[in-house]
There are 2 protein chains.
Amino acid sequence: MEQNKIPQATAKRLPLYYRFLNNLQSQGKTRVSSKELSEAVKVDSATIRRDFSYFGALGKKGYGYNVEYLLGFFRKTLDQDELTEVALIGVGNLGTAFLKYNFMKNNNTKIVMAFDADEEKANTEMGGVPIYSIDDLEEKINGVKVAILTIPASEADGITDRLVRNGIGGILNFTPARITVPDHVRVHHIDLAVELQALVYFLKHYPLVEQ
Amino acid sequence: MEQNKIPQATAKRLPLYYRFLNNLQSQGKTRVSSKELSEAVKVDSATIRRDFSYFGALGKKGYGYNVEYLLGFFRKTLDQDELTEVALIGVGNLGTAFLKYNFMKNNNTKIVMAFDADEEKANTEMGGVPIYSIDDLEEKINGVKVAILTIPASEADGITDRLVRNGIGGILNFTPARITVPDHVRVHHIDLAVELQALVYFLKHYPLVEQ
DNA sequence: TTGAATATGTGAAACTAATCACGACATTTC
DNA sequence: GAAATGTCGTGATTAGTTTCACATATTCAA
């Protein structure tokens, strides 16, 4: 809650920087300039310097940034020391992809439980994560603040209401439905069909222009 | 190539509008106001009116928009009449989700072939889409302009180069790698781990603020 | 036919973000 | 230790996007 002045655009790039710095460190690099970083993450170097500057003077003129220092700083800032528990709702194709994806690699975010309407899947597990019946949502979810929604659009509103009533704070919504939530709940929409259509639109209408 | 003046932010919302208008039509609704639309897609009504206005005066004062007219207009604008063929690279968990997802529903985008490095998967099919060996990429891809990349990050650069050499124009990149492409190729990155981390960051640092 | 209600389209303002460009300082080289 | 080089941090500028607010046109009910 400290730094409400950090632009959202900056905040969205932080995880990207963090992951790349991790790579650098495991390669044994000790210093990096905004120019090098820029080439790797495809963000303008001035933007990177500006982004970092919101957190204070993290670099050294004429030298660049110390990888270890920067990494330690971001670890704290991105709450990497604290594990965030996530619930996955809907173990279909996309949900399965999430369960098998190893989120722990550079990332202190972990799916700790999953739910599905299919009673065949209930009380099994996948990738070490227990799968419960959606009927047991209220009973099991207790305390988890973030949910990934990978269910059919028709179910989205009903499930969202139940999540909200059980204290969820953030939803990563992969359904095409634009769900309605109270102001204190944050939703990020990722709509795969829209992303693909938007790409196709840009290809046809914005030739040779970088995004 | 007609309207280069349309803001990218607007272009990204068009598929969303399009899908919702489709829903309205199948519900038999003939008119809709920017306010109703706003509630459904969670975009400010003034923004919707502004977005539509880039294409001319599509509505009527005191009435709103005619659903059928608007839909017909967008169909043309979003190239819905023309099928865009897509290749899927990498039939892992996420790739499988794409293959089984029915993109044709509101959407003239279709995955027409898939590739995988696993020889077990080669020359099979899934969801009606043929899967080829990645070794046959050059031989088979011929003419397809859009690719979805759902492969391990370590493979991303190599495969991207091969795609680019074979005339790809757009890539929807789900790998964490920030791939390097020539200026005439458009890449949209969707990084699931970053999206989740960004959501968690916002939850902790921007309480009660909508995105 | 009239008047109240409705809802667009848009100029202007506000907000948000990206980029330029350069002073200041650290490092490296000779 | 002086000069050349490199790189940050940031004021200023530019670009892009959203939102306000209202004149204008249309609809609808009586």
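## Interface of chains A and B

In this predicted model, 74 residues of chain A are in contact with 74 residues of chain B, contact meaning heavy atoms within 4.5 Å. The area buried between chain A and chain B is about 7000 Å², with 61% given by carbon and sulfur atoms; buried area is the accessible area (1.4 Å probe) that two parts lose on being put together, summed over both.

The rule finds 4 salt bridges across the interface of chain A and chain B, a salt bridge being a side-chain nitrogen of Lys or Arg within 4 Å of a carboxyl oxygen of Asp or Glu. Arg19(B) and Asp191(A) meet through their side chains in a salt bridge, at 2.2 Å from N to O.

Sugar or phosphate accounts for 60% of the atoms of DNA strand D within 4 Å of the protein, and bases for the rest.

An N or O atom in the side chain of Arg50(B) is 2.7 Å from a base oxygen of DNA strand D, while a backbone N or O atom of Gly59(A) lies 2.9 Å from a phosphate oxygen of DNA strand D.

## Basis of the values

Residues are numbered from 1 along each chain as its sequence is written, and chains are lettered from A and ligands numbered from 1 in the order in which they are written. Local features need pLDDT of at least 70, side-chain atom pairs count only at pLDDT 80 or more, and totals for chains, interfaces and linings use all residues, while side-chain values use heavy atoms, with hydrogens and water left out.

Methods:
A residue is near a molecule or strand if one of its heavy atoms lies within 4 Å of it. A polar contact is a pair of N or O atoms within 3.5 Å; within protein, one must be able to donate a hydrogen and the other to accept it, and residues adjacent in sequence count only if both atoms are side-chain atoms.
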